[in-house]
Amino acid sequence: MSHDDADHRFMHRAIELARNCPPSDTAYSVGAVIVADGVEIATGFSRETDEKVHAEESALNKLDPADPRLTSATIYSTLEPCSTRATATRLPCTDRILAAGIPTVVIAWREPSLFVAACEGVDKLRTNGVRVVELTDLATEAMSMNAHLDLG
């Protein structure tokens, strides 16, 4: 299976997970999958464990931060990982991804400035040496569970 095929397969899995999110008028519905050596090792979705948890955060919480698979893993997220949190007591997802040492992030769409002005997740990740792949052909599908929000 090519990288492109695998990226699309795992992004479709993340989109399925995003459909499990309890709807919110104040947050996006996002799904995330962490893959190492072609195998799914953790998943998460927005509001999976509490009303503030982000998809990437939920997936990362299921793994030991020292898990050696993280340094060669890819995280698939339907939405650009956050660079700022409204919940000040929680690290932004970009910081969590960088701390985990995940070298590749695959997203379907970038965060619009509905809840946070100028999300800089992609830029922050790339500045810190993370490879970011954008599957813009899946953006509409990844955004579909957020249709109730004013996405501009």
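# A predicted fold, strand by strand

Q: How many residues of E3 are buried?
A: In this predicted model, E3 counts as mostly covered. The strand runs over residues 74-79. Going by burial, the count for E3 is six of its six residues.

Q: In what order do the five strands of the open sheet come?
A: The sheet is open and its pairing is mixed. Strand E2 (39-45) and strand E5 (131-134) pair on one side only, which puts them at the edges. From one strand to the next, the twist averages 20°. Reading across, the order is E2-E1-E3-E4-E5.

Q: In which sense do strand E1 and strand E3 pair?
A: Strand E1 takes in residues 31-36, and four bridges link it with E3. Ala32 stands opposite Ser77 in E3, and Ile34 stands opposite Ile75 in E3. The sense of this pairing is antiparallel.

Q: Over how many bridges do E3 and E4 pair?
A: Here the pairing is in the parallel sense. Tyr76 gives one spot to look at, standing opposite Val106 in E4. E4 itself (residues 104-109) is mostly covered, with six of its six residues buried. As for the E3 and E4 bridges, there are five.

Q: Is Thr74 buried or exposed?
A: Thr74 is found in strand E3, and its relative accessibility comes out at 14%. The cut-off for buried is under 20%, so with 14% Thr74 counts as buried.

Q: Which residues does Ala100 touch, not counting residues up to four places away in sequence?
A: Ala100 has its place in helix H3. Its relative accessible area is 13%, so it is buried. Its C-alpha atom is 9.6 Å from that of Ala73, a residue 27 places off along the chain. The residues Ala100 touches are Leu60, Leu70 and Thr71.

Q: What is the relative accessibility of Thr94?
A: Thr94 lies in helix H3, which covers residues 93-100. Leaving aside neighbours within four places in sequence, Thr94 is in contact with Pro81, Cys82, Ser83, Gly121, Lys124 and Leu125. Thr94 counts as buried, because its relative accessibility is 0%.

Q: Which residues does His8 touch, not counting residues up to four places away in sequence?
A: Look in helix H1 (residues 3-18) to find His8. Its relative accessibility is 17%, and buried means under 20%, so His8 counts as buried. With sequence neighbours up to four places away set aside, His8 touches Leu135, Asp137 and Leu138.

Q: How far apart in space are Ser72 and Lys52, C-alpha to C-alpha?
A: Ser72 is found in the loop between helix H2 (55-61) and E3. A relative accessible area of 44% makes Ser72 partly exposed. Ser72 and Lys52 are 20 residues apart in sequence. Going C-alpha to C-alpha, the gap between Ser72 and Lys52 is 28 Å.

Q: Which residues lie nearest the centre of the largest pocket?
A: About 520 Å³ of space lies in the largest pocket. Its lining is made up of 23 residues. Those nearest the centre are Thr26, Ala27, Tyr28, His54 and Ala86.

Q: How many charged residues does the lining of the largest pocket have?
A: Sort the lining by class, and 10 residues are nonpolar. Another six are polar. The charged residues in the lining number seven.

Definitions and conventions: Residues are numbered from 1 along each chain as its sequence is written. This is a predicted model: local features need pLDDT of at least 70, side-chain atom pairs count only at pLDDT 80 or more; totals for chains, interfaces and linings use all residues. Side-chain values use heavy atoms; hydrogens and water are left out. On a 1 Å grid over the protein atoms alone, a cavity is a set of points where a 1.4 Å probe fits but cannot get out, and a pocket is an open set with protein on both sides within 12 Å along at least five of seven lines; lining residues have an atom within 4 Å of a point. Grid points are joined across faces, edges and corners, and a volume is the space filled by probe spheres set on the points. Ala, Val, Leu, Ile, Met, Phe, Trp, Tyr, Cys and Pro count as nonpolar, Asp, Glu, Lys and Arg as charged, and the others, Gly among them, as polar. Helices (H or I, at least four residues) and strands (E, at least two) are DSSP runs, numbered from the N terminus. Buried means under 20% relative accessible area, exposed over 50%, partly exposed in between (1.4 Å probe, protein chains only). Contact means heavy atoms within 4.5 Å. Two strands pair if DSSP finds at least two bridges between them. Axes are lines fitted to C-alpha atoms, for helices over the stretch in contact, and angles run from 0 to 180 degrees between N-to-C directions.
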